[in-house]
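Reader: I would like to go through this model and ask what stands behind each label. Please show it first.

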Amino acid sequence: MNLSASEHWYLLQSGCCGYSFNMALDEALMELAPIIGAPVLRFYAWRESAASFGYFQKISEIERTTRLRPLVRRPTGGGLVPHEADWTYSVAVPAGHPWYELRAEQSYERVHRWVQGAFTKLQVATQLAPGSLKDAPGQCFIGYEKYDVLQGGRKIAGAAQRRTKTGLLIQGSVQPQPRGITRAAWENAMCNHASSVWQVIWKVMEAAGPWQVRAKELEDSRYSQEAYNRRR
């Protein structure tokens, strides 16, 4: 993605949130992407240990796979992701933006080259997986998929994505983190990489807004509801 001119993106620092609100806010950002009008990079953490699983996965299989609770269904695809001390982020892009027009494999590669570029700025050597190696299908951080971020042959960053008529949502996790690197330093490097490579100009996004209202509605009606999380 070579931009001929600078482009504004929003940066949303959510801090620690509950498991159901985390998923609800990501979906709200995708749903309201046309209203927001620019891509949003969100950094967030988990108030409690939890596990998220892909939109199309069967919860009966997830329950046999992990002891982590609560379990929450993501708005994106992919497999099981434990959330205990990971660095979690999302990217929400409105329809019509160049990122939205990419094929799924291309957007997956692009976001992980971004993560890799951030680690390079921090003098951490990583590689993108040239292919897939899955020892336990359905679990994101056992083995790896093509273009996942590896350190010493081990996966340290993966993602899942979903496109709708309103936008593209990518949800990513970094775990385990490279030694000697703080979360704050990595988040700063992510922003700096986007600025240097894609000429992104960052604007701080306020927590309060229609996205928060919609997230609360989605949390109450979906992600906090056992019936929704157990729908498959």
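Reader: Where is the place of Q57?

Author: This is a predicted model. In it, Q57 sits in the loop between β3 and α3 (59–65).

Reader: What makes Q57 count as buried or exposed?

Author: The relative accessible area of Q57 is 14%. Buried means under 20%. Q57 is therefore buried.

Reader: How do you know which backbone nitrogen atoms the side chain of Q57 reaches? Take G54 to begin with.

Author: A polar atom of the Q57 side chain lies 2.8 Å from the backbone nitrogen of G54. The side chain of Q57 also reaches the backbone nitrogen of L80, at 3.4 Å. The cut-off for a polar contact is a pair of N or O atoms within 3.5 Å. Both values, 2.8 Å and 3.4 Å, meet that distance.

Reader: What is the strand order in the open sheet of 3 strands?

Author: The order is β4-β3-β5, with mixed pairing. β4 (71–73) and β5 (81–83) each have a single partner strand, so they stand at the edges, and one side of each has no neighbour in the sheet. Neighbouring strands here are turned by 25° against each other on average, direction ignored.

Reader: How do you know that strand β3 (residues 50–53) pairs with β5?

Author: Pairing needs at least two bridges. Strand β3 and β5 are joined by 3 bridges and run antiparallel.

Reader: What is the order of the open sheet of 8 strands?

Author: The order is β7-β8-β9-β10-β6-β2-β1-β11, again with mixed pairing. β7 (127–128) and β11 (200–204) are the edges: each has a single partner strand, so one side of each lacks a neighbour in the sheet. Helix α4 (residues 104–121) packs on this sheet.

Reader: Which strands does helix α5 (residues 183–198) lie across?

Author: α5 lies across β1, β2, β6, β10 and β11. It runs at about 170° to β2.

Reader: In what sense do strand β1 (residues 7–17) and β11 run, parallel or antiparallel?

Author: They run parallel, joined by 5 bridges. Y10 has K203 in β11 as its bridge partner.

Reader: What joins β8 to β9?

Author: There are 3 bridges, and the strands run antiparallel. V149 stands opposite A157 in β9. The hairpin of β8 and β9 has 2 residues between the strands, and G152 takes a positive phi near 60° there.

Reader: How many bridges pair β9 with β10?

Author: The number is 7, in the antiparallel sense. These two strands form a hairpin as well, with 3 residues between them. R162 has L169 in β10 as its bridge partner. A157 stands opposite V174 in β10.

Reader: And β10 with β6: how many bridges?

Author: β6 and β10 pair over 8 bridges, in the antiparallel sense. A92 stands opposite L169 in β10.

Reader: Why is β10 called largely enclosed?

Author: The count decides it: 8 of the 8 residues of β10 are buried, so the rest of the structure largely encloses the strand. G167, L169, Q171 and S173 point one way, while L168, I170, G172 and V174 point the other way, and all are buried. In a regular strand, side chains alternate between the two faces of the sheet.

Reader: What makes α1 mostly covered?

Author: In α1, 12 of its 13 residues are buried. Among them are Y19, F21, L25 and M30.

Reader: How do you know what span to expect for helix α1 (residues 19–31)?

Author: At 1.5 Å a residue, 18 Å is expected. From its first C-alpha to its last, α1 reaches 19 Å, close to that value.

Reader: Why does the radius of gyration of the protein chain agree with that of a compact globule?

Author: For 232 residues, a compact globule would have a value near 17 Å. The protein chain has 17 Å, so the two agree. The C-alpha trace spans about 50 × 40 × 30 Å along its principal axes. Of the 232 residues, 55% count as buried.

Terms used
Residues are numbered from 1 along each chain as its sequence is written. This is a predicted model: local features need pLDDT of at least 70, side-chain atom pairs count only at pLDDT 80 or more; totals for chains, interfaces and linings use all residues. Side-chain values use heavy atoms; hydrogens and water are left out. Helices (H or I, at least four residues) and strands (E, at least two) are DSSP runs, numbered from the N terminus. Contact means heavy atoms within 4.5 Å. Axes are lines fitted to C-alpha atoms, for helices over the stretch in contact, and angles run from 0 to 180 degrees between N-to-C directions. The expected span of a helix is 1.5 Å times one less than its number of residues. Buried means under 20% relative accessible area, exposed over 50%, partly exposed in between (1.4 Å probe, protein chains only). A polar contact is a pair of N or O atoms within 3.5 Å; within protein, one must be able to donate a hydrogen and the other to accept it, and residues adjacent in sequence count only if both atoms are side-chain atoms. The radius of gyration is taken over C-alpha atoms; the globule rule is 2.2 Å times the number of residues to the power 0.38.
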